[in-house]
Amino acid sequence: FLAAARSADAQIYPHYYDRESWMAAQGEATFSSFETSDAPLGYFTYPSYDYWEDQGVRFTQMWGGLGVVTGDESNYGFNLAESWGVDPSTRALRTGSDYIAFDVTVPATSFAIECAVLNAVGIRTHYADGTGSFLIGGQGEFPDYRPLFYGVVGTAQIVRVELIYGAWNPGDNIRGYLKSFSFGNTVPAPPAAILLLGGLIRPSRRRS
């Protein structure tokens, strides 16, 4: 985490821990989100990396594989369906890796995830202008697996995201769950010339 945060082009942006403040920070913008519950059960590995490409995520690198499980599976005595308040048959993307990278395939200047993991969460975003940002968060060593929200807002188009998370003990990293991915894209302001022209045009009335 620290090595990534110290890189020359990385900035530590304010952390957004709820969807409302993340959306409000972007002003006028368009937003899209999807949950991982529609993925097929079982291992989620290559060639399934482009499963959500049309929604914004094309996986490019993982350590280990991912598994899609139902919400009635428990870890540390916590049941995902109960913690998330969903039907036990609801599916979740369980991570089998503490490092995941993917290309962003929709126009987006901001990115967010909902996840339930042990210990630390890091989101490294890469922008089209060559800059990057780094968000650091954490859920503690023994969470109840409530999916917490982590978001970052930038000013340029995001082209790539790296997720780095998990506990320090061997095997604990496979007890993380990714619930949703979200993207925001700021609506550009009209050019000044158009605004000026708009101010000169007056509505006309047809005379009979």
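Q: Taking buried to mean under 20% relative accessible area, exposed over 50%, and partly exposed in between, where does E114 fall?
A: In this predicted model, E114 has a relative accessibility of 17%, and because the cut-off for buried is under 20%, E114 counts as buried.

Q: And which residue does E114 pair with?
A: E114 forms a salt bridge with R19, and the closest N and O atoms of the two are 3.6 Å apart. R19 itself is partly exposed, with a relative accessible area of 22%.

Q: Which stretches should I treat with caution, then?
A: One is residues 1–8, where pLDDT stays under 50 and the model has 13 contacts beyond four places in sequence. Another is residues 194–208, where the pLDDT is also below 50 and the model shows 1 contact beyond near neighbours in sequence. Where pLDDT is low, the predicted coordinates should not be read in detail.

Q: What's the overall make-up of the chain, in terms of helices and strands?
A: The chain has 4 helices and 15 strands, and of its 208 residues 43% count as buried. Among contacts between residues at least 6 apart in sequence, 78% join residues at least 24 apart.

Q: Back to charges: how many salt bridges are there?
A: The count comes to 5 salt bridges. Side chains of opposite charge can pair when their charged atoms come close.

Q: Which residues are linked in a network of them?
A: The network of salt bridges links E53, R58, D103 and R160. Within that group, E53 bridges to R58, with the closest N and O atoms 2.6 Å apart, and D103 bridges to R160, with the corresponding atoms 3.9 Å apart. D103 lies in strand β9 (residues 99–104) and R160 in strand β14 (residues 158–166), so this pair ties together parts that are 57 residues apart in sequence.

Q: Changing topic, what does S133 contact through its side chain?
A: The side chain of S133 makes a polar contact of 2.2 Å with the side chain of T125, as well as one of 3.1 Å with the side chain of Y127. S133 sits in strand β12 (residues 132–138), and because its relative accessibility is 1%, S133 counts as buried.

Q: And D87, where is that?
A: D87 is in the loop between α3 (80–84) and β8 (91–95), and it is partly exposed, with a relative accessible area of 45%. Its side chain is joined to that of S89 by a polar contact of 2.5 Å, while the C-alpha atoms of D87 and G71, which are 16 residues apart along the chain, are separated by 7.2 Å.

Q: How many cavities of 30 Å³ or more turn up?
A: A search of the whole structure finds 1 cavity of 30 Å³ or more, and the largest cavity has a volume of about 40 Å³.

Q: Which residues line it?
A: The lining of the largest cavity consists of E35, T36, S37, W84, T90, R91, A92 and K179.

Key
Residues numbered from 1 in each chain as written. Predicted model: local features only at pLDDT ≥ 70, side-chain atom pairs only at ≥ 80, totals over all residues. Heavy atoms only, no water. pLDDT = per-residue confidence, 0-100. Contact = heavy atoms within 4.5 Å. Helix = DSSP H or I, 4+ residues; strand = E, 2+ residues; numbered from the N terminus. Buried < 20%, exposed > 50% of the residue type's maximum accessible area, 1.4 Å probe, protein only. Polar contact = N/O pair within 3.5 Å; in protein donor to acceptor, adjacent residues only side chain to side chain. Salt bridge = Lys/Arg side-chain N within 4 Å of Asp/Glu carboxyl O. 1 Å grid on protein atoms, 1.4 Å probe; cavity = no way out; pocket = protein on both sides within 12 Å on 5 of 7 lines; lining within 4 Å. Points joined across faces, edges and corners; volume = space filled by probe spheres on them.
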